[in-house]
Amino acid sequence: MMKMVHRPSRGVTLRVLFLIACFALAMTIYRMHSDPQTQSLSPCRLPTWRDTRTTTTTPTNATRVTMTTVARTNAARRHLLRQRCQLYGEANATSASSGKWKSRLLVVDKYKLVYCSVPKAGNTNWKRVLLSLLLPSGGRPPETVSFHEAHHSPSLLRPLSSYPSDDQQSIMRTYYKFVFARDPLSRLLSAFRNKVLGVGGVDDNHRKLLVPLLMRGRGDVGDAWTEFRRKPPTLAEFVDYVIQCHERRGTLNVHWSPVADLCNVCGVDYDFVGKMETVADDARFVLAVHGLADVVVYPERRDTGYEAAEETAGELRREYQGIPARDLAKIVAMFAKDFDVFNYSLFDHYV
């Protein structure tokens with residue numbers, strides 16, 4: 001019997017080719033805009049390593065091998081980040097001059113750690129981990145640290161901006177600095193599900209702000225909340241809202257702003273660059289380096305009450321299939337720097 005082979009339709013094939021072309025064009029334009037000296041550089045260079053798309057939350061038994069592997073991966077990530085950042089030159093210096101990124105860097109003096117707080121990239125769980133080491137009760141499991149405690153403990157997790165200038169310089173020179181990134185499209189989808197649809201816990205403050213604005217995009221629908229309950233916003237509507245806000249104001253909400261800008265990754269020499277796609281091993285490595293791996297463990301999703309499953313490549317592909325190609329190209333351009341410096345690719349979603 002002849003084996004049937006599934007072939008994508010012509011429309012799907014053309015969409016994929018269009019998006020790939022847009023991705024390459026966005027990366028090229030972004031680099032050329034950042035530094036004229038890079039016009040002759042290829043936008044498609046890839047390093048010799050590549051992250052897997054599978055997330056695991058169970059520490060491996062081969063700890064020694066894993067530590068070595070994570071160390072090598074981190075070295076490759078840091079090398080790539082430095083290499084890419086050299087392309088941005090003065091444009092990067094200008095974007096970091098405001099110093100807003102300093103408010104994202106949380107300092108843990110007791111362990112000489114500096115963590116860049118990135119919403120929708122394991123941020124709440126990292127705060128739980130750090131607070132479990134610092135709370136007066138001591139030895140408290142991270143999963144027992146409430147969401148409110150995690151985000152309202154400034155006396156324990158002090159932002160770098162709250163320190164005197166001389167202390168800031170000393171901290172940045174001597175403390176262990178780490179940051180976690182996430183695939184931009186996965187992070188944007190997570191923000192939509194959480195902040196708009198309430199998956200993983202309703203955020204009333206953001207919902208009250210976002211829902212009326214999203215519903216307004218449908219025209220005269222009367223009461224926004226009645227319309228929301230009748231037909232919740234789609235990802236396509238949310239993406240259109242994000243694009244319009246960016247085009248009008250040139251800024252993005254902190255929950256989906258590029259990690260590269262939030263954490264000034266081209267201006268700060270991070271000792272560790274982790275990813276949510278490999279968070280279990282990456283988190284264990286950071287803790288092990290400081291002798292804390294047997295003291296505290298980065299919590300699994302089910303331990304924190306967050307029931308939404310981690311997005312797989314197939315799920316992301318399905319979710320973003322409903323986004324007009326033109327809008328998706330604009331989103332890719334917005335997050336071009338994150339795609340670039342953290343080695344994420346549109347190929348992960350459409351090829």
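**Reading a sheet, a helix pair and a core**

In this predicted model, Leu-105 has Cys-116 of strand S2 as its bridge partner.

Visitor: How many bridges join strand S1 to strand S2, and in which direction do the two run?

Guide: As a general idea, the strands of a sheet pair through backbone hydrogen bonds, and the pairing may be parallel or antiparallel. Here strand S1, residues 105-108, and strand S2, residues 113-116, are joined by four bridges and run antiparallel.

Visitor: In what order do the five strands form the sheet?

Guide: The order is S3-S1-S2-S4-S5, in an open sheet whose pairing is mixed. Strand S3 (158-159) and strand S5 (272-275) are the edge strands, since each of them pairs on one side only. Helix H12 packs on this sheet, where it touches strand S4 (176-181) and S5, and the direction of H12 makes about 175 degrees with that of S4.

Visitor: Phe-285 lies in H12; is Phe-285 buried or exposed?

Guide: A residue counts as buried when its relative accessible area is under 20%, and because Phe-285 has a relative accessibility of 10%, Phe-285 counts as buried. The helix that holds Phe-285, H12, covers residues 279-289. If we leave aside the neighbours within four places in sequence, Phe-285 is in contact with Met-67, Val-70, Ala-71, Tyr-176 and Phe-272.

Visitor: At what angle do helix H7 and helix H10 pack?

Guide: Helix H7 (residues 184-196) and helix H10 (residues 235-249) pack at about 105 degrees, and their axes are 11 Å apart. Angles of 65 to 115 degrees count as roughly perpendicular, and H7 and H10 are therefore roughly perpendicular to each other.

Visitor: Which residues make the contact?

Guide: From H7 come Leu-188, Leu-189, Phe-192 and Val-196, while H10 contributes Leu-235, Phe-238, Val-239 and Val-242. When the residues of this contact are divided by kind, eight are nonpolar, no residue is polar and no residue is charged.

Visitor: Which residues have the most contacts inside the largest nonpolar core?

Guide: The general idea is that in soluble globular proteins nonpolar side chains tend to be buried together. In this structure the largest nonpolar core has 86 residues, and those with the most contacts inside it are Trp-126, Phe-238 and Trp-256. Helix H10 gives the most to this core, with seven residues.

Visitor: What does Phe-238 touch?

Guide: Not counting residues up to four places away in sequence, Phe-238 touches Leu-188, Phe-192, Val-196, Leu-214 and Trp-256. Among these, Leu-188, Phe-192 and Val-196 belong to the H7 side of the contact with H10.

Terms used
Residues numbered from 1 in each chain as written. Predicted model: local features only at pLDDT ≥ 70, side-chain atom pairs only at ≥ 80, totals over all residues. Heavy atoms only, no water. Buried < 20%, exposed > 50% of the residue type's maximum accessible area, 1.4 Å probe, protein only. Contact = heavy atoms within 4.5 Å. Pairing = 2+ DSSP bridges. Axes fitted to C-alpha atoms, helices over the stretch in contact; angles between N-to-C directions. Parallel < 35°, antiparallel > 145°, perpendicular 65-115°, else oblique. Nonpolar A, V, L, I, M, F, W, Y, C, P; charged D, E, K, R; others polar. Core = buried A, V, L, I, M, F, W, Y, C linked by side-chain atoms within 4.5 Å.
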